[in-house]
Amino acid sequence: MKLNGISKETMEDIHRFVHERDWEQFHTPKDLAISLSLEAAELLEIFQWSGTDMQCRDKLPHMKEEIADVLVYCIQLCDVLDLDPEEIIRTKMAGNCAKYPVDKAYGSAKKYTELK
């Protein structure tokens with residue numbers, strides 16, 4: 001069974017971890033967003049001075065840890081804000097499709113405001 005795109009067991013594990021430590025009091029949207037940003041920066045740090053992305057393959061275990069941290073904070077933020085991750089992703093993807101039509105964006109790294 002999935003709850004908001006995440007298995008019920010995973011959501012229960014996250015809730016139990018937080019509850020056992022009495023951390024709900026700290027999980028405000030602001031603090032979760034800050035934590036999410038910090039964890040994303042830790043993921044980015046793995047690539048710093050790597051030369052090429054492929055040189056980081058030996059750091060995959062560390063990458064997995066940091067990606068998991070980012071995902072957990074995203075899930076917690078959605079939970080606190082009562083948002084359905086799948087719904088907001090689908091809405092965002094629809095907007096992205098409108099901003100980046102295939103005929104204009106194909107093969108281009110330009111921002112949507114630069115596409116002609």
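Here is a walk through this structure, from a helix crossing to its charged side chains. The model is predicted, so local features need pLDDT of at least 70 and side-chain atom pairs count only at pLDDT 80 or more, while totals for chains, interfaces and linings use all residues. Residues are numbered from 1 along each chain as its sequence is written, and side-chain values use heavy atoms, with hydrogens and water left out.

Let's start with two helices (DSSP runs of H or I, at least four residues, numbered from the N terminus). The axes of α1 (residues 8–20) and α3 come within 11 Å and cross at roughly 85°; axes here are lines fitted to C-alpha atoms over the stretch in contact, with angles from 0 to 180 degrees between N-to-C directions. That makes the pair roughly perpendicular, the word used for 65 to 115 degrees. On the α1 side, the contact (heavy atoms within 4.5 Å) is made by M11, I14, H15 and V18, and α3 brings V72, I75, Q76 and D79. By class, that comes to 5 nonpolar, 2 polar and 1 charged residues, where Ala, Val, Leu, Ile, Met, Phe, Trp, Tyr, Cys and Pro count as nonpolar, Asp, Glu, Lys and Arg as charged, and the others, Gly among them, as polar.

Take a look at Q76, in α3. Q76 counts as buried because its relative accessibility is 8%; buried means under 20% relative accessible area, exposed over 50%, and partly exposed in between, with a 1.4 Å probe and protein chains only. Leaving aside neighbours within four places in sequence, Q76 touches I14, V18, H27 and L32.

E66 also belongs to α3. E66 is buried yet has no salt bridge, and the nearest side chain of opposite charge, K59, is 12 Å away. For charge, Lys and Arg are positive and Asp and Glu negative, with His and the chain ends not counted. A salt bridge needs a side-chain nitrogen of Lys or Arg within 4 Å of a carboxyl oxygen of Asp or Glu. Beyond four places in sequence, E66 is in contact with E39, E42, L43 and I46.

So where do charges pair up? The count comes to 5 salt bridges. One of them joins R16 and D13 at 2.4 Å, N to O; both lie in α1, 3 residues apart, about one turn of the helix. R16 is partly exposed at 41%, and D13 is partly exposed at 42%. Another links K30 to D31, with the closest N and O atoms 2.8 Å apart.

Conventions: Angles under 35 degrees count as roughly parallel, over 145 as roughly antiparallel, 65 to 115 as roughly perpendicular and the rest as oblique.
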